[in-house]
Amino acid sequence: AAWRLSEFLDEHGVLPFIEPELNDPQQTLRILEERIKQVNRLIFLYGSNDRGWINNRFWELLKIASTFDCMPKACGICFVPPRRKEVDGGFRFPITIPVCEFDSQDLANPALLKPLLETA
């Protein structure tokens with residue numbers, strides 16, 4: 001799913017950074033701090049992790065972004081099996097960053113991802 005999403009973003013002029021999970025939390029944090037300075041959108045793959053993981057990671061990244069004054073312009077939640085947008089969707093964050101929820105089927109229709117791709 002991550003590679004298909006990466007290809008889709010590349011086709012639409014968005015350079016994706018795919019973050020590997022490392023066993024060293026301090027190393028992961030250092031990498032995230034550097035990456036957050038380079039990006040203007042966050043996309044989370046929501047599959048095997050629970051909903052709390054997405055929420056926690058979102059707030060952790062926003063805290064880093066606010067520290068470096070580089071808040072993202074949009075956030076995407078990509079639902080991958082066993083999660084489904086229709087069942088597991090409805091993420092709401094009490095901030096003004098637009099959230100776009102989608103799944104792999106939506107990649108065939110870029111208009112559905114317009115809020116994520118075209119947010120100024």
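In the predicted model, helix α2 buries T28, L32 and I36. These three residues cover an arc of only 60° around the axis, which puts them on the same side of α2. The cover over the buried residues of α2 includes β1 (41-46) and α3 (51-67). The helix runs over residues 25-36, and its twelve residues should span 16 Å at 1.5 Å a residue; the end C-alpha atoms are 16 Å apart, which agrees with that expectation. At the N-terminal end, α2 is capped by D24, which has a side-chain oxygen 3.1 Å from the backbone nitrogen of Q26.

Helix α3 contains R57. This arginine has a relative accessible area of 15%, and because this is under the 20% cut-off, R57 counts as buried. Apart from neighbours within four places in sequence, R57 is in contact with E21, L32 and F44. L32 is itself one of the buried residues of α2.

In soluble globular proteins, nonpolar side chains tend to be buried together. The largest nonpolar core of the model has 18 residues, of which I36, F44, L61, C75, I77 and F91 touch the most other members. Two or more residues of this core come from each of α2, β1, α3 and β2 (74-79). The most is given by α3, with six residues. With neighbours within four places in sequence left aside, the contacts of I77 are F44, Y46, I54, F91, V99, C100, E101 and F102. Another core, of twelve residues, lies apart from the largest one and includes L9, V80, F102 and L113.

Eight aromatic pairs are present in the structure. One of them joins Y46 and F91 edge-to-face, at 5.4 Å centre to centre and with 85° between the planes. This pair links distant parts of the chain, since Y46 is in strand β1 and F91 is in the loop between α4 (85-88) and β3 (99-103), 45 residues apart. Y46 and F91 are both buried. The ring centres of F58 and W59 are 5.3 Å apart and the planes stand at 80°, so this pair is edge-to-face as well. F58 is buried, with a relative accessible area of 1%, whereas W59 is partly exposed, at 36%. Ring pairs join F44, Y46, F58, W59, F79, F91 and F93 into a cluster.

Terms used:
Residues numbered from 1 in each chain as written. Predicted model: local features only at pLDDT ≥ 70, side-chain atom pairs only at ≥ 80, totals over all residues. Heavy atoms only, no water. Helix = DSSP H or I, 4+ residues; strand = E, 2+ residues; numbered from the N terminus. Expected span 1.5 Å × (residues − 1). Buried < 20%, exposed > 50% of the residue type's maximum accessible area, 1.4 Å probe, protein only. Arc of directions from axis to C-beta. Contact = heavy atoms within 4.5 Å. Polar contact = N/O pair within 3.5 Å; in protein donor to acceptor, adjacent residues only side chain to side chain. Core = buried A, V, L, I, M, F, W, Y, C linked by side-chain atoms within 4.5 Å. Phe/Tyr/Trp six-rings, centres within 6.5 Å; stacked < 30°, edge-to-face > 60°.
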